[in-house]
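Open the model in your viewer and keep the selection panel at hand. We will walk through it stop by stop, and at each one you will hear what to select and what is there.

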Amino acid sequence: MITRRRSAAVLLGVLAALTTLGAPPAAADETTPAKEPPKVELVLDVSGSMRATDLGGRSRISVAQQSFREVVDSLPAETELGIRVLGASYPGNDKRLGCKDTQQIVPVGHPDRTEAKTAIATLRPTGFTPVGLALREAAKDLGTGETTRRIVLITDGEDTCAPPDPCEVARELAAQGTHLVVDTLGLTLDDRVRRQLTCIASATGGTYTAVQSGNELTGRIKQLVKRAGDTYDQTPQRISGAAECATAPLLSPGVYSDREQVEEHRAYRVPVRPGQELRASVSVALDRPLGRDRGVLLRALSTDGQELVRGSDAGSGRTDVLSTGLRWSPAQGDGASAPATAADGGTGTGTDGTAQAAESVCLVVSNSFAVPAAVRRAPGMPVELTVDVVDASPAPGGPDLGRGWVLLGVLALAGLLTGLVAGWLARWRIAVWREN
Amino acid sequence: MRTAHLLRTAAGLTAAGAALLAGASAPASAAPADTGTASPGASGSAVPGTAGTSFLTAAALGRGAPVQLSASTGDYLYWAFGAAAGQTATVGVTVSLPPAANRHGAATWTVDVFDGLRRRQACTAGTQTAAAAADAATVSLDCTLRQVRSWAEPWSGDPLPGTYYVRLSATDLPEPDLGLPVRVEARVTSEDGDAEPEGGGLRAPLVPAVHPGATLAPGAVPSAAPPAPSGPSAARPVERARGWFSGISSRWIWTAGGGVLAALLGVAGYSLTRHPRRRPSAG
């Protein structure tokens, strides 16, 4: 029995263990080598409208400057931070020149805090708002690599330099497959600014926040910078599914990303051996305005085109992704069909006698979305595919023990009958012995 | 008794010993927070927490104290927790809305639960979708899942041991309300029960892969057993200690009791036939 004092001691021990070992997933894999650090770039609008004093009596730029100072001070050790400004240097009226006005004032890396804060302090609201160009340049600053990059865009006005439309730029950057997420913060409640920023955010899987005070701004930027550190290392492998099963790429377990247009089918193949179980799930992100009702379908097909199993989901209303999944394992003890269906294009049959032939299961992702006429279809919507192949789980046998009144009655009856039979046998034996 | 002794020993040892115990009992990353079952009444004080913004980045949600965080209206917040066979999990989310003066009308909030394969899970009880009136200060959502089964046919959609994802979203709201600050409190509790079907088990829980995959060459022969990659993983269920003896269940009592009854009736039946002359008033 555990007494109260003992359980307190146990609690202490477990707490000690938790503080030493029980860290969140991100910290648990520090042993894996050569990991790219999380990268964030803050993009600040320093256009003329930032002079407005509507955030608690202070000007927007001074609130932003103070927030940036606090963020730089509390930057997590491993995070690489850069700062880019737009509309900060050209005071004139020439739109052609004003719309090229964006500079990186702190390069992406571990910034020197004093230098970074000095660079922030010298900013003065000046020029135009070339958001699209600034996003493109920020994506270049962050470079390409394995990890997710985050851009935090802080602006108070809509783009005054379109084209390029910043939302189109965001979609184009997301489609390049560099795992770029743009979080947007609006320093004003203006309708057009909000629409533009929500469009940018949803195109890249980011968030939009309307900021109305300095504390909110600081808290949100810190949260986004921390989020970049928490989640940066899980980026899917980019692939391109085929239209036909026969030419589809062969996948091993893991996470993949792809793009799929409306009404397009994308096929992938996964080798599954007898005694194994295929698990697959798919998410289609809704990165643009679509019709009210929508659906996604994931089908598993055998090599001869027979449907094995399907998963589907449908819905309506505001949502970010539609997702579904499926499990499938080859029927046990049906050895004849496995070799027959293993001839995936004639190339997968060269297995030796000991290895069992793997069947290529074809996964087909399709969708049923309605695209309003004004919305562009290309590039396709982001698809995230997770594939796993594990050992199949056999159906359980019955339980070894019984339960219930029927069981009790049967046992009692069997005991009674056994006793009676044993008794009669004994009497008959005694009778026979006496006669002899 | 045995585990209690083990724990006591560990508490007496140094931090290294305690760490060993934690390492042995909780191999999964998100497991330490998942141990035990919190009673709903214990959810007094919320701790600051995080939430992810997609399935892959879902933040681990532990049993016990609810997590609290600030977010923006319109954000999609994701959490993940592990559920073992026999458990019935209940997810609860409370959203503190921005001041009514800043809002433009009623909004609908929804909590969705998905299994490790991102399949939508039904709620057996609770308010999964709630409409917040234009002047409401908070909106509360909760969802009780089906009991997690120990085994199910691959073709079925039954809940199985593994990761479960929770998504909070504003499914319908006035467009001008997007981006306004909200505070969110999320918690998960669970009740243990007998897992059905008895004797069933999954070789691998429904914990999705999170590592980037690799395409195979067209003629490649996959390895017989794909190696389980170490590193980060989605929230895993805590496996209960399982040996040849699965513990005293009611089946043991019924079966043993039946054996005793059978033995007694056997003796009684034998005595019925053995001494017919000595039985009172019969012969």
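Before the first selection, a word on helix geometry: axes are lines fitted to C-alpha atoms, for helices over the stretch in contact, and angles run from 0 to 180 degrees between N-to-C directions. Helices (H or I, at least four residues) and strands (E, at least two) are DSSP runs, numbered from the N terminus. This is a predicted model, in which local features need pLDDT of at least 70 and side-chain atom pairs count only at pLDDT 80 or more, while totals for chains, interfaces and linings use all residues. Residues are numbered from 1 along each chain as its sequence is written, and chains are lettered from A and ligands numbered from 1 in the order in which they are written.

**Stop 1: a helix pair across two chains**

Select residues 405-435 of chain A and residues 250-274 of chain B. These are helix 11 of chain A and helix 3 of chain B, packed at an angle of about 30 degrees with their axes 6 Å apart. The two helices are therefore roughly parallel to each other (angles under 35 degrees count as roughly parallel, over 145 as roughly antiparallel, 65 to 115 as roughly perpendicular and the rest as oblique). Colour the contact by residue class and you will find 19 nonpolar, 10 polar and 2 charged residues. Here Ala, Val, Leu, Ile, Met, Phe, Trp, Tyr, Cys and Pro count as nonpolar, Asp, Glu, Lys and Arg as charged, and the others, Gly among them, as polar.

**Stop 2: a helix pair within chain A**

Now select residues 131-142 and 166-175 of chain A. Helix 6 and helix 7 of chain A have axes that come within 8 Å and cross at roughly 20 degrees. That makes helix 6 of chain A roughly parallel to helix 7 of chain A. Which residues meet here? From helix 6 of chain A come V131(A), G132(A), L135(A), R136(A) and A139(A), and from helix 7 of chain A come P166(A), V169(A), A170(A) and L173(A). The residues of this contact divide into 7 nonpolar, 1 polar and 1 charged.

Zoom in on G132(A) in helix 6 of chain A. With 23 C-beta neighbours inside 10 Å, G132(A) counts as buried. A residue is buried if 20 or more other C-beta atoms lie within 10 Å of its own, exposed if 12 or fewer, and partly exposed in between, with C-beta atoms placed from the backbone. Leaving aside neighbours within four places in sequence, the contacts of G132(A) include D159(A), C161(A), P166(A) and V169(A); two residues are in contact if their C-beta atoms, placed from the backbone, lie within 7 Å. Draw a distance from G132(A) to T160(A): these residues are 28 apart along the chain, and their C-alpha atoms are separated by 9.7 Å.

**Stop 3: a covered strand**

Select residues 321-328 of chain A. This is strand 14 of chain A, and 8 of its 8 residues are buried. In a regular strand the side chains alternate between the two faces of the sheet. On one side of strand 14 of chain A you will find V321(A), S323(A), G325(A) and R327(A), and on the other L322(A), T324(A), L326(A) and W328(A). Look for S281(A), which stands opposite G325(A).

**Stop 4: the open sheet of chain B**

Move to chain B, with its 3 helices and 12 strands. Five of the strands form an open sheet in the order 2-4-10-6-8, with mixed pairing. Its edge strands are strand 2 (59-60) and strand 8 (129-132) of chain B, each pairing on one side only. Strand 6 (residues 107-115) of chain B runs antiparallel to strand 8 of chain B, joined by 4 bridges, and W109(B) stands opposite A130(B) there.

**Stop 5: loops worth a click**

- V148(B) lies in the loop between strand 9 (138-145) and strand 10 (162-172) of chain B. V148(B) is buried, with 27 other C-beta atoms within 10 Å.
- P197(B) is joined to E196(B) by a cis peptide bond, where omega is about -10 degrees.
- E263(A) is not a glycine, yet has a positive phi of about 70 degrees. With 12 C-beta neighbours inside 10 Å, E263(A) counts as exposed.
- R118(B), also not a glycine, has a positive phi of about 60 degrees. R118(B) counts as buried, with 24 C-beta neighbours inside 10 Å.

Key: Pairing = 2+ DSSP bridges.
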